[in-house]
Amino acid sequence: MDSAFSHHIVIIIAALIIIIYSPIARRVKFLPEIPFKLVLVYLALQFVFISLPPYFAPQIHKILDVAATTALYCAISRILFYFVVELWFIWRHKTKTPKITRDLTLAVAYSVAFIIILRTRGGVDPLGLITTSAVLTAMIGLAAQNVLG
C-alpha cells in the first residue's frame with residue numbers, strides 16, 4: 001500500500017471521527033464539547049499537502065506546509081487552553097471563562113506559534129516583521145492624532 005494513500009485514509013478517518021463526535025457531544029451532557037475546528041482545518045491542509053507532489057509548485061508546497069503547521073499549533077494551543085483553563089474555570093466557578101480572557105490568551109498563543117513557525121518552517125526572520133509593524137503602528141498613531149482629538 002502506498003504511503004501517501006495510507007496517510008489519506010488516516011486523515012479521512014480522523015476527520016470523520018471529529019465530525020461525528022461534535023454533534024454527539026452537544027447532545028450528551030457528560031461529553032465535553034472539545035474545540036476541534038482548527039484540527040479539521042489542519043487535516044484539510046495536510047490532505048492537500050500530501051496530495052501535491054513536492055516537485056509540483058514548490059512555493060505552494062512550502063506555503064501549504066507552513067499553513068498546515070500553523071493550524072496544527074493553533075489547534076494544540078486551543079485544545080490545551082480548553083482542558084487547562086476553561087474546564088478548570090467551569091469546575092471552580094461553575095461558569096464559562098470570560099470571552100475577553102479567552103480571546104486575548106489565545107491571540108497571544110497563536111501569535112507566538114505563528115512567529116515560531118515563520119522562523120522554523122518559513123525561513124522568515126520575525127524581527128523584521130515585528131519592527132515594521134511597530135513603526136507602522138507609530139505612524140498610524142501619529143497620523144490619527146488630529147482625528148482622535
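Select Lys94, which is found in the loop between H3 and H4. Helices here are DSSP runs of H or I of at least four residues, strands are E runs of at least two, and both are numbered from the N terminus. Phi of Lys94 is near 60°, a positive value in a residue other than glycine. Lys94 is exposed, with a relative accessible area of 69%. Buried means under 20% relative accessible area, exposed means over 50%, and partly exposed is in between, with a 1.4 Å probe and protein chains only.

This is a predicted model, in which local features need pLDDT of at least 70 and side-chain atom pairs count only at pLDDT 80 or more, while totals for chains, interfaces and linings use all residues. Residues are numbered from 1 along each chain as its sequence is written, and side-chain values use heavy atoms, with hydrogens and water left out.

Now zoom out to the whole protein. Its secondary structure comes to 6 helices and 0 strands, in the order α-α-α-α-α-α along the sequence. The C-alpha trace spans about 65 × 55 × 25 Å along its principal axes. Of the 149 residues, 26% count as buried.

Next, select residues 58-93, helix H3, together with H4, residues 99-122. H3 and H4 pack at an angle of about 145°, with their axes 9 Å apart. Axes are lines fitted to C-alpha atoms, for helices over the stretch in contact, and angles run from 0 to 180 degrees between N-to-C directions. By class, the contact has 10 nonpolar, 5 polar and 6 charged residues. Ala, Val, Leu, Ile, Met, Phe, Trp, Tyr, Cys and Pro count as nonpolar, Asp, Glu, Lys and Arg as charged, and the others, Gly among them, as polar.

Stay on H3 and pick Glu86. Is Glu86 buried or exposed? At 10% relative accessibility, Glu86 counts as buried. Apart from neighbours within four places in sequence, Glu86 is in contact (heavy atoms within 4.5 Å) with Arg78, Phe81, Thr97 and Arg102.

Move along H4 and select its buried residues: Leu106, Ala113, Ile117, Leu118 and Gly122. What covers them includes H3 and helix H5, residues 126-143. Just after H4, Gly123 takes a positive phi of about 70°.

Last, select H2, residues 37-51, with H3. They pack at an angle of about 160°, with their axes 8 Å apart. H2 and H3 are therefore roughly antiparallel to each other; angles over 145 degrees count as roughly antiparallel, under 35 as roughly parallel, 65 to 115 as roughly perpendicular and the rest as oblique. H2 passes H3 in a left-handed crossing. Among the residues that meet are Tyr42, Leu45 and Phe49 in H2 and Leu64, Ala68 and Ile79 in H3. The residues of this contact divide into 15 nonpolar, 2 polar and 2 charged.

Terms used:
Left-handed = near helix turned anticlockwise from the far one by under 90°.
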